[in-house]
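Dear colleague,

I am passing on the structure we spoke about, and I would be glad if you could look through it with the notes below beside you.

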Amino acid sequence: MTATGGCLCGAIRYRVSRPPRSTSLCHCASCRRAAGGPSLAWAIFAEDDVEIVAGALAVYASSPGVERGFCSGCGTSLSYARANRPGLFDVTTASLDDPEAFPPTKEIWTQERLSWEAANRALPQFAQFSAPGSVLWPHPPARTGAGKGRT
Ligand SMILES: [Zn+2]
Ligand SMILES: [Zn+2]
């Protein structure tokens with residue numbers, strides 16, 4: 001399996017060699033700002049499975065230990081990596097040449113979802129991270145209260 005993607009201007013191109021470990025649609029305020037859109041879909045790959053084949057990512061540290069990659073020429077949000085989650089490299093699903101290839105399988109950070117963006121009730125909903133036991137829907141919350149960290 002090979003999938004390719006890149007930014008709006010075409011300067012940055014990447015290739016992935018295996019399917020993602022997971023996929024999600026993130027509603028956190030940080031992703032919202034980074035994308036300039038109401039939410040941001042992610043395909044989470046093993047770091048070794050993603051290769052930048054043209055151009056170079058510019059990086060913005062949106063939180064300590066978090067690196068968001070983008071194109072300095074056109075501004076497209078392309079990637080996300082977190083120091084305390086080593087070995088994984090997230091790619092924005094919509095920057096893939098086939099954005100239908102790896103659709104989100106869950107929604108995360110729904111506590112920050114905008115009121116005018118509808119939930120996809122076909123997908124599990126997580127208030128914050130998709131930690132085991134933290135799903136809000138279709139099951140009742142196993143625990144409540146403030147979680148640690150944010151994307
Ligand atoms: Zn670009
Ligand atoms: Zn997010």
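**Strand pairings around E8 and E9**

Strands E8 and E9 pair with each other in the antiparallel sense, over 2 bridges. Please keep in mind throughout that this is a predicted model. Within this pairing, Tyr80 has Asp90 in E9 as its bridge partner, and Ser79 is bridged to Val91, which also belongs to E9. The two strands form a hairpin with 5 residues between them, and Gly87, in the turn, has a positive phi of about 90°.

On E8 there is a further antiparallel pairing, with strand E7 (residues 66-70), and this one runs over 5 bridges. Glu67 stands opposite Ala81 of E8. E7 and E8 also make a hairpin, here with 6 residues between the strands, in which Gly75 takes a positive phi near 90°.

E9, for its part, pairs with E4 in the antiparallel sense over 5 bridges. The bridge partner of Ile44 in E9 is Asp90, the residue that is also the bridge partner of Tyr80.

**The overall layout**

Taken as a whole, the secondary structure of the protein comes to 1 helix and 12 strands, and the elements run, from the N terminus on, β-β-β-α-β-β-β-β-β-β-β-β-β. Of the 151 residues in the protein, 32% are buried. If one takes the contacts with a separation of 6 or more, 51% of them are accounted for by residues 24 or more positions apart.

**The open sheet E1-E2-E5**

There is an open sheet of 3 strands in the order E1-E2-E5, with antiparallel pairing. Strand E1 (3-6) and strand E5 (50-54) stand at its edges, and each has a single partner strand, so that one side of each is left without a neighbour in the sheet. From one strand to the next, the twist averages 25°. The pairing of E2 with E5 is antiparallel and extends over 4 bridges, and in it Tyr14 has Ile52 of E5 as its bridge partner.

Arg13 is also found in strand E2. With 16 C-beta neighbours inside 10 Å, Arg13 counts as partly exposed. Leaving aside residues up to four places away in sequence, Arg13 touches Thr4, Gly6, Val53, Ala54 and Gly55. Arg13 and Ser95 are 82 residues apart in sequence, while their C-alpha atoms are 9.5 Å apart in space.

**The largest nonpolar core**

The largest nonpolar core has 28 residues, and of these Cys26 and Val91 touch the most other members. Two or more residues each are given to this core by strand E2 (13-16), strand E3 (22-26), helix H1 (29-35), strand E4 (40-46), strand E8 (77-82) and strand E9 (88-92). The largest share, 5 residues, comes from E4. In soluble globular proteins, nonpolar side chains tend to be buried together.

Which residues does Val91 touch, once those up to four places away in sequence are not counted? They are Gly5, Tyr14, Val16, Ala43, Phe45, Val50, Leu78, Ser79 and Leu96.

**A residue to look at separately**

Lastly, I would draw your attention to Trp109, which has a positive phi of about 55° although it is not a glycine. Trp109 has its place in the loop between strand E10 (107-108) and strand E11 (125-126). Is Trp109 buried or exposed, going by its C-beta neighbours? It has 26 of them inside 10 Å and therefore counts as buried.

With best wishes

Terms used: Residues are numbered from 1 along each chain as its sequence is written. Chains are lettered from A and ligands numbered from 1 in the order in which they are written. This is a predicted model: local features need pLDDT of at least 70, side-chain atom pairs count only at pLDDT 80 or more; totals for chains, interfaces and linings use all residues. A nonpolar core is a set of buried Ala, Val, Leu, Ile, Met, Phe, Trp, Tyr and Cys residues joined through C-beta atoms within 7 Å. A residue is buried if 20 or more other C-beta atoms lie within 10 Å of its own, exposed if 12 or fewer, and partly exposed in between; C-beta atoms are placed from the backbone. Two residues are in contact if their C-beta atoms, placed from the backbone, lie within 7 Å. Two strands pair if DSSP finds at least two bridges between them. Axes are lines fitted to C-alpha atoms, for helices over the stretch in contact, and angles run from 0 to 180 degrees between N-to-C directions.
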